[in-house]
Structures are given as C-alpha cells and as structure tokens.
There are 2 protein chains.
Amino acid sequence: MGTGGRPGYHRATVVGGGVIGISWTALFLAHGLEVTVCDPLPDVAERVRAGLREIAPTLAQLGLSVDALTGSTDALRFDPEVASAVAGVDVVQENGPERPEVKQPLGSAIEASAPANALLASSSSGIPASVMSQAMRRPGRLVVGHPFNPPHLVPLVEVVPSPGTDPGVVEAAVAFYRAMGKQPQVLSREVPGFVANRLQAALFREAVHLVAQGVVTEQELDAVVTHSIGMRWAVAGPFQTFHLGGGPRGLADFIVHLGPATEALWAILGQAHLDADTTRLLTTQAEHFGGTVAELATRRDQAQIRLMQALGELRTAEQQAP
Amino acid sequence: MGTGGRPGYHRATVVGGGVIGISWTALFLAHGLEVTVCDPLPDVAERVRAGLREIAPTLAQLGLSVDALTGSTDALRFDPEVASAVAGVDVVQENGPERPEVKQPLGSAIEASAPANALLASSSSGIPASVMSQAMRRPGRLVVGHPFNPPHLVPLVEVVPSPGTDPGVVEAAVAFYRAMGKQPQVLSREVPGFVANRLQAALFREAVHLVAQGVVTEQELDAVVTHSIGMRWAVAGPFQTFHLGGGPRGLADFIVHLGPATEALWAILGQAHLDADTTRLLTTQAEHFGGTVAELATRRDQAQIRLMQALGELRTAEQQAP
C-alpha cells in the first residue's frame, strides 16, 4: 500500500460526496488508499466517478497513479450509512454541510462506529472542532483539517485543534496529510476563518474597494497581483518579503523605515461592502475574464501545476511510494 | 539597439543611484540602452558598478545580455548634474528621496533640460505626479512609473498619471516599460499607496494581527500563504480566484453563496498596530528565517526566476531583440 511511509493509513472514509469530498477521494485513491464515500444521495456514485475522471489528468501530471480514478476498482466503495461506512477505517475526512445541527450529530455518529484509534478530521471552514465535537463522548478525538480548494491540487491543509483536541490527534493529522503530499500547518488555536481565509478576506476587501472606486477593473487588479505580490508570496510569504526588503537588518529596519508609511496606509484602507451596487459592478466585470469558468479553471490549474513543478513542491510518485 | 521594438528609446537617464536606481540601470543596460546615472554622491560609480555585478547573474538567467553590467562599457556614464545628465536623452527615470521639497525642484530641473519629447517618469511610491509636477511648466509631461522592488526582477510597473498627465505620456510610458520586459498597469487615477502596496498592506495588517495574537508564528503564516493564496495569486488574481470558486456562474454565485461569510470575516479582521510590543515580537521572530538576509534573498530570487520561467513570464533574449 503506497500510503507515504506511515503504515497506519490504508482505509479512509470520505463523508460527503460533494466537490471537496470528491477531491479528497481522488487524492486518497491516488496515494493508494481504499476509500469509502459516505453520502445518502442516490446518484452519488455517478457524480463521484465523473468527478474523479475530471481530476485524473491533473493528478497524473503531478506524478501520481490514477488507475483507481479512471477504471473500475475495488479500492473505491460507496455506503450511504455512516455506521457501516466508518467501521474498520483508519481515517475519516468529514465534508458535510456547514451547519452545526448537521455537523454535531455527524461527529457523534462517526465517533460511535469508527475504530477507537482512527483519525477523525473535518474539512469544515466555518464550524470549529470545539462546536462540532460538543456531543461527542471524547471530543478530544476530533480535529479540523481544512483544505484550500481544491484539496487535490493546493498544498495547504490548516490543522486546527479545539482547546480539547488531544495533541496526539494533531500529530496524527499532520502525519496523515504529509503522507498525502500536502503541506499541513497547525494553528495554535481556533479563530473564525482560520488563517488563509482571513488573509484572503483582508486583501479582497481592499480589492473590492479599489474596483468599486474605479481605480482599476477586476482584470487590472488581478494583473497587478499576479505580476507583483502574488508572484512574491508564492515563493516567500509576507513576513519574509518585508524581512528581505528591509536591508541587512531585515524586518527590524523595515519597521523603522517603512512602518510609519505602512500604518498610514492601514488608516486609509477602504471599508467595502457587498451591497447591491457593488455586487452588480463586480458581477458585470466578471464577464470579461476571457473564457467560461471551466476553460479558465483548466488554464489556471495548468499554470498552477507548472508553478508547483518549478518550485519543487511536488514529491514524485517514486518518493511517495513506501 | 535592442530596445524591444520601440525605436524611440536609446538613451536613458536614471536620477538617483540608490537601490532602485541601480536596479533600473541594470535592466536598461541589459536591454541595450545607454544609461547615464545622475547622483551627486562622490562614490556613486563604485556603488552602482558593484550593484550591477550583483544583479548580472539574475538578468543572465532571465536570458538578457549582461556584458554592459559586468565589464567596462561606454553604455554606462555618470554625471552629478541634472542639466547635463538629461540633455539629449529619450527617457528619464527619477528615483530621488521621497520628499516633496526634493522631488518638486527635481521635476522642474529635469523638465528644463530634457528634450521636449523625452519620457519623464518617477519611481515614487509616495509622492504622486500631481505633487511632484507642481512647479513644472508642463505638468502634463510627468507620470509615475512605480516599480515593485526589485524592478529588474518583478514584472509590475504601476503607471499612475496625475489628473493633468497627457494621455500620450501614459501611452509612451506603457510602451517603454513593455520594451523593458515589464508588465505595466495603468491606474485610472492617483490613490495613496497606488494598488499593489495598498493590497499588500491590507493583508499584512491581518498577518500582524494573527502573529500578535499568537495564532501562528511569522514563519507559519508565511508557509500558509506560500502554500495557498500566494501560489493561487501567482497564476490568477483574487477576483478570478473567486470567480473560479463560485461554480459555473462564477463570481455572481460566489457572492450569493460566500458573500455573507466574507462580509462576516471583514467585520472581525484585526486592527493591528506596530506598537513597541508588537515590533519586539515581530523582530524577534524574524531572527528565525534560517539564514542571513543576503542568503534568503538569493534563495528567494532563484525560486522567483524558476517560477517566472515556468509561467512563461519571460520573453527570451531572442524575442526581445528588434
């Protein structure tokens, strides 16, 4: 079993067969795991298989084996019942609707039937482990493993423990996502939106402000980003970027020399709102990206793969084999 | 003369021989221009030549000819006097100190001696063309051409006209920077910080907040960014990213489904300040990037070059020749 060096993970259950669940399923299959998709919808098998065929070329380009994604395989199963779907598995990745009244009973149902040492992780972006685990007998078993969409392509997984999550569960989650070729990052604690979505929201607010003010169009703003900060932040994050922009003494000198100008900008950043006028402007401009969403997404993902290959983000299939 | 297809640009004067001026000088020389560096400091020639030697390997990797950067050459001259330095040139790129009382007389002095059809551009990040041009006879001649540091490597140049800048000057600036292999982006009007620095500041404020709150360290936050939004925004900007995250109807559906969650995050983003405690924390953590500033910068720029090559950002030397 090619489970990336950690022998414990052979069988995974993906709860919820939507877009995120399909993406995890593809990634897990491509890493040699047996995967059970648990979703009560009657057409789930068709939808998942169609999704896997769509993802297969991307994972093949990333050097992974996609036989289980494109052909018939014993490694992929479907089970509408949580109790039987999680019985005997090593890891459960939950992707249910983002509502506490769904997540909480789901957490309890998973706990009730999964093996005592199985890793229980939720993809939730909005409901933290402390909320989802409230009805669990051992809330410390649950951890959030929040991917950045789509999980099969973007490396980041935010591993977010609740105050009660066992440290061993956090370690197990990190080891599991590493084995799946991901770049897990543990947060010290739960904050709404976690880290990536908060940072994204902060920049996007100013982006909406500048477009709403007519300083640039969406496409022009996107070009500004891809040709400057985007390109920079793909190779070094915002702190290192300023550290290297400060001279030999690094961030200390940056704060001395450019701190005041930075704080002056903070004071005048826009307070955008997605009101009716702004929404109309944004959606109208979005018609001019030069292709359908599907075409643009394919082009973007191809560029993403070239970038990842160039930066050596990818371990090859050989390296990932046990 | 390899000036990239626009025959008008053969001779440039770079006013100010600091870090930005040296970087422009390197780029212009590597594109076959004759460059006069205008700076009154007595050791400017030594400092510029040392800087050019340092930049040469990077530009060579980008496929440009760096003979004029590493050997003795007639293409590089020094002149401490503005009047003689700008006489007869095709373009002036100004990089003086960011103070109106320096920039304004400099603008007038450049105008007084440069040819009537020369392109007059300022690298200023803080002083807009409307302020710098106040004492000029024809303020409409001046435009800001604000690079993202370092100009020889990062593609973006923000072209920012004052309300009075001639449209023809904006067009000329765009053509010139394109000929230098850059990606110029015209802003419709002056706003403090222009676009890239405002967006950068918006994200950085939240980054400082999350580190100050102890949710992640600087290094952990940087890893979150490089493995998610940085990588995404290097290939598609924030608007296209959300457009492609919204389903077949794109940004319109994104705003319907994720707009409320986005606005909820906007409401709780941190209001960081670079006070003494925060500054101490940031500078202490910055000691742990795993190398000197010089080492890290070299490593970062190497990764940057690989990324640019992968994304095809670079026109080859062949394509750039006339």
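Chain B can be laid on chain A with an RMSD of 0.0 Å, using a turn of 180° and a shift of 0.0 Å along the axis. The two copies are thus related as by a two-fold rotation axis. Please keep in mind that this is a predicted model.

**How the two chains meet**

- The contact draws 87 residues from chain B and 87 residues from chain A.
- On chain B, the elements that each supply at least two residues to the side touching chain A are strand 8 (183-186), helix 8 (196-212), helix 9 (218-226), helix 10 (229-235), helix 11 (238-244), helix 12 (251-268), helix 13 (276-285) and helix 14 (293-311).
- Helix 8 of chain B gives the most to this side, with 13 residues.
- Sorted by class, the side of chain B that touches chain A has 51 nonpolar, 25 polar and 11 charged residues.
- Of the interface residues of chain B, 100% are also interface residues in chain A, so the copies meet through the same surface.

**Helix 8 against helix 8**

- Helix 8 of chain A and helix 8 of chain B pack at an angle of about 150°, and their axes are 8 Å apart.
- Angles over 145 degrees count as roughly antiparallel, and helix 8 of chain A and helix 8 of chain B are therefore roughly antiparallel to each other.
- The crossing of helix 8 of chain A with helix 8 of chain B is right-handed.
- From helix 8 of chain A, the contact is made by R198(A), L199(A), A202(A), L203(A), R205(A), E206(A), A207(A) and L210(A).
- Helix 8 of chain B contributes R198(B), L199(B), A202(B), L203(B), R205(B), E206(B), A207(B) and L210(B).
- By class, this contact of helix 8 of chain A with helix 8 of chain B has 10 nonpolar, no polar and 6 charged residues.

**The sheet in each chain**

- In chain A, 8 strands form an open sheet in the order 3-2-1-4-5-6-7-8, and the pairing is mixed.
- Strand 3 (76-78) and strand 8 (183-186) of chain A stand at the edges with a single partner strand each, so one side of each is left without a neighbour in the sheet.
- Strand 4 (residues 91-94) and strand 5 (residues 119-122) of chain A run parallel and are joined by 4 bridges.
- E94(A) has S122(A), in strand 5 of chain A, as its bridge partner.
- Chain B also has an open sheet of 8 strands, with the order 3-2-1-4-5-6-7-8 and mixed pairing.
- At the edges of the chain B sheet stand strand 3 (76-78) and strand 8, each with a single partner strand, so one side of each is left without a neighbour in the sheet.
- Strand 2 (residues 34-38) of chain B runs parallel to strand 3 of chain B, and 3 bridges join them.
- T36(B) stands opposite R77(B), which belongs to strand 3 of chain B.

**Helix packing within a chain**

- Helix 1 (residues 19-30) and helix 2 (residues 44-61) of chain B pack at an angle of about 55°, with their axes 9 Å apart.
- Helix 1 of chain B and helix 2 of chain B are therefore oblique to each other, and their crossing is right-handed.
- I22(B), S23(B), T25(B), A26(B) and A30(B) of helix 1 of chain B make this contact with V48(B), G51(B), L52(B), I55(B) and L59(B) of helix 2 of chain B.
- By class, the contact of helix 1 with helix 2 of chain B has 7 nonpolar, 3 polar and no charged residues.
- Helix 8 (residues 196-212) and helix 13 (residues 276-285) of chain A pack at an angle of about 90°, with their axes 10 Å apart.
- Helix 8 of chain A and helix 13 of chain A are therefore roughly perpendicular to each other.
- V208(A), V211(A) and A212(A) of helix 8 of chain A meet T278(A), L281(A), L282(A) and Q285(A) of helix 13 of chain A.
- This contact of helix 8 with helix 13 of chain A has 5 nonpolar, 2 polar and no charged residues.

**Backbone details to look up**

- The peptide bond from N149(A) to P150(A) is cis, with omega near -10°.
- P150(A) lies in the loop between strand 6 (142-147) and strand 7 (156-161) of chain A.
- In chain B, the peptide bond from N149(B) to P150(B) is cis, with omega near -10°.
- F194(A) has a positive phi of about 55° although it is not a glycine, and F194(A) lies in the loop between strand 8 and helix 8 of chain A.

Key
Residues numbered from 1 in each chain as written. Chains lettered and ligands numbered in written order. Predicted model: local features only at pLDDT ≥ 70, side-chain atom pairs only at ≥ 80, totals over all residues. Least-squares fit on C-alpha atoms with pLDDT ≥ 70 in both. Contact = placed C-beta atoms within 7 Å. Nonpolar A, V, L, I, M, F, W, Y, C, P; charged D, E, K, R; others polar. Axes fitted to C-alpha atoms, helices over the stretch in contact; angles between N-to-C directions. Parallel < 35°, antiparallel > 145°, perpendicular 65-115°, else oblique. Left-handed = near helix turned anticlockwise from the far one by under 90°. Pairing = 2+ DSSP bridges.
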